[in-house]
Amino acid sequence: RLYALCSTTTFVFLSTGPTVLGSLVKGKVGQNITVPCFYTVRRTQDITSMCWGRDSCPVSKCYQTIIWTDGWKVTEQYNRRYMLKGNLQMGDVSLTIVNAEEGDSGIYCCRVEISGWFNDQTSNHKVVIEKARISTASPHIYTSEQTSAHGSASESSFTITRTWPLVSASEAPQTASGPCSSTSDCLDVTSNLQNASVLHGTQRYSENGLYIGIGLSAVLLAILILALFIT
């Protein structure tokens, strides 16, 4: 009976220690994740050592220790990706996981060592690191189409955009006052230019024939006068 009473008393004594409910922290791969953990600091004497470890908090210390502090600064750091960026002297001992990986998922223990038997403040935090979502949507392809009056898909035809070559100012036709408003206008201008060239060629040919006729007449007249003179 005495043994049972002592065991019950010891169990009650152990269960009266300060405890803090844990938290669930979610993040994405590559992000910086902060796991919160605080303790109360009212005076300088309250500043104390603490540790972070993987898995649930054991009876003492930390299992698979990540970081140890003496209350003022970090004294042990087992991985540079695990850091304490809070104000340690104010009781902010939150853990920051830099560039989180899927392997960082799991349970983390925050233990603040409080003087006295079984007075440590412990809290277990669950961390879940997920892969960043990658969009699998296929790229949209936009096709310009010109549909007939009936609007049927079978009668649609692709619209072809023509790109006119650039012409320098010295090569541009002088008769054109501005760019063509449509393809038919450009064709009309080209046709007019070709017709003008044909007309100019015909006129030149007529003038050359006239000059040749006058020359031949003059030669014949000179021969006739010479024959009359000889006679």
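Student: Why is the disulfide of cysteine 37 and cysteine 110 left-handed?
Tutor: This is a predicted model: local features need pLDDT of at least 70, side-chain atom pairs pLDDT 80 or more, while totals for chains, interfaces and linings use all residues. Residues count from 1 along each chain as its sequence is written, and side-chain values use heavy atoms, leaving out hydrogens and water. A disulfide (cysteine sulfur atoms within 2.5 Å) joins cysteine 37 to cysteine 110, S to S 1.9 Å. The pair is left-handed because the torsion about its S-S bond is about -80 degrees.

Student: In which strand does cysteine 110 lie?
Tutor: Strands are DSSP runs of E, at least two residues, and helices are runs of H or I, at least four, numbered from the N terminus. Cysteine 37 sits in the loop between strand 2 and strand 3. Its partner, 73 residues away, is in strand 8.

Student: Are cysteine 37 and cysteine 110 buried or exposed?
Tutor: Buried means under 20% relative accessible area, exposed over 50%, partly exposed in between (1.4 Å probe, protein chains only). Both cysteine 37 and cysteine 110 are buried.

Student: What is the torsion about the S-S bond of cysteine 51 and cysteine 62?
Tutor: The sulfur atoms of cysteine 51 and cysteine 62 are 1.9 Å apart. Both residues are buried. Their disulfide is right-handed because the torsion is about 85 degrees.

Student: How many residues apart in sequence are the parts tied by cysteine 57 and cysteine 109?
Tutor: Their sulfur atoms lie 1.8 Å apart. Cysteine 57 is in the loop between strand 3 and strand 4, and cysteine 109 in strand 8, so the pair ties together parts separated by 52 residues.
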